[in-house]
Amino acid sequence: MESYKKEFIEFMVESDVLKFGDFTLKSGRKSPFFMNAGAYVTGGQLKRLGEYYAKAIHENFGDDFDVLFGPAYKGIPLSVITAVAYHDLYGREGRYCSNRKEVKDHGDTGILLGSKLNDGDRVVMIEDVTTSGKSIEETYPIVTSQAKVEIVGLMVSLNRMEVGLSGKMSALDEIKEKYGFEARAIVTMEEVTSHLYNRECLGKVVIDDTIKTAIDEYYKQYGVSK
């Protein structure tokens, strides 16, 4: 596993973003882990988060893109910090763009924030985590209606590796099947579990035998093969 992935896994735990225990998700599923990207709140945390996204995009999609698009609302700061980090790490002057929830009819009018989209733009979309693909379902038509763009791919922070709405494949695979572009993650839950199992983080083991068993049981019911 790449070193930045190991760092990112520990960073999520240290930032209180990734927790282990007993949680009830919006879907009603009982999960032994929970991710809350809203816990990234400090300047230092956001700087590091942008760097991890930039490294993952560089590794998975390369540098041939024009725009980093973050769906409202959580994707807005993600697109900004990743654009800054990409410039700092790779000298790449990519533009950031996001959508508004409502069209603005005065001043800076329209549905977009940041850069406008132009015909021929290659776009990388950025989200925190995708469990159902609903936000992409909402924003994909917005992006593609603004100009004749090419979606290079979607980058999320964590692939939960569980079945999506179809009940047959992961949400990321559903996105690829429906829209035709790759959906990748900085890390997968398989990588998270492998790295943290019986390993100390913040002075304690966060995935012990009990949590590991609960994760295994969860994936027997809701997991996908990759």
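A cavity is, on a 1 Å grid over the protein atoms alone, a set of points where a 1.4 Å probe fits but cannot get out; a pocket is an open set with protein on both sides within 12 Å along at least five of seven lines, and lining residues have an atom within 4 Å of a point. Grid points are joined across faces, edges and corners, and a volume is the space filled by probe spheres set on the points.

The model in the viewer is predicted, and local features need pLDDT of at least 70, side-chain atom pairs count only at pLDDT 80 or more, while totals for chains, interfaces and linings use all residues. Residues are numbered from 1 along each chain as its sequence is written, and side-chain values use heavy atoms, with hydrogens and water left out.

**The cavity**

The structure holds 1 cavity of 30 Å³ or more. The volume of the largest cavity is about 60 Å³. Select T130, N159, M161, E162 and A171, which are the closest to its centre among the 11 residues of its lining. Two or more lining residues come from each of β7 and α5; helices (H or I, at least four residues) and strands (E, at least two) are DSSP runs, numbered from the N terminus.

**Helix α5**

Next, select residues 171–179, which form helix α5; A171, L172, E174, I175 and Y179 are buried there. Buried means under 20% relative accessible area, exposed over 50%, and partly exposed in between (1.4 Å probe, protein chains only). Viewed down the axis of α5, the buried residues fall within an arc of 155°, so they line one face of the helix; the arc is that of the directions from the helix axis to the C-beta atoms. These residues pack against α4 (134–146), β7 (150–159) and β8 (182–188). After α5 comes G180, with a positive phi near 90°.

**The second largest pocket**

Turn to N159, A183, R184, A185 and T188, which lie nearest the centre of the second largest pocket, lined by 18 residues. This pocket has about 310 Å³ of space. Its lining takes at least two residues from each of α1 (3–14), α2, α5 and β8, and β8 gives the most, with 7 residues.

**Helix α6 and the cores**

Residues 189–196 form helix α6, and 6 of its 8 residues are buried, so the helix is largely enclosed by the rest of the structure. The buried residues are M189, E191, V192, T193, H195 and L196.

Keep L196 selected: leaving out residues up to four places away in sequence, L196 touches I9, V13, F20, C201, V206 and I207, where contact means heavy atoms within 4.5 Å. L196 also has a place among the residues with the most contacts inside the largest nonpolar core, alongside F8, F20, I57, I186 and V192; this core has 49 residues. A nonpolar core is a set of buried Ala, Val, Leu, Ile, Met, Phe, Trp, Tyr and Cys residues joined through side-chain atoms within 4.5 Å. Helix α2 (residues 43–61) supplies the largest share of this core, 7 residues. A second, separate core of 22 residues includes L117, V123, V143 and V156.

**The loop at D66**

Finally, select D66, in the loop between α2 and β3 (67–70). D66 is partly exposed, at 27% relative accessibility. Beyond its neighbours within four places in sequence, D66 is in contact with R92, G94, R95, G120, D121 and R122. The C-alpha atoms of D66 and E150 are separated by 9.9 Å, although these residues are 84 residues apart along the chain.
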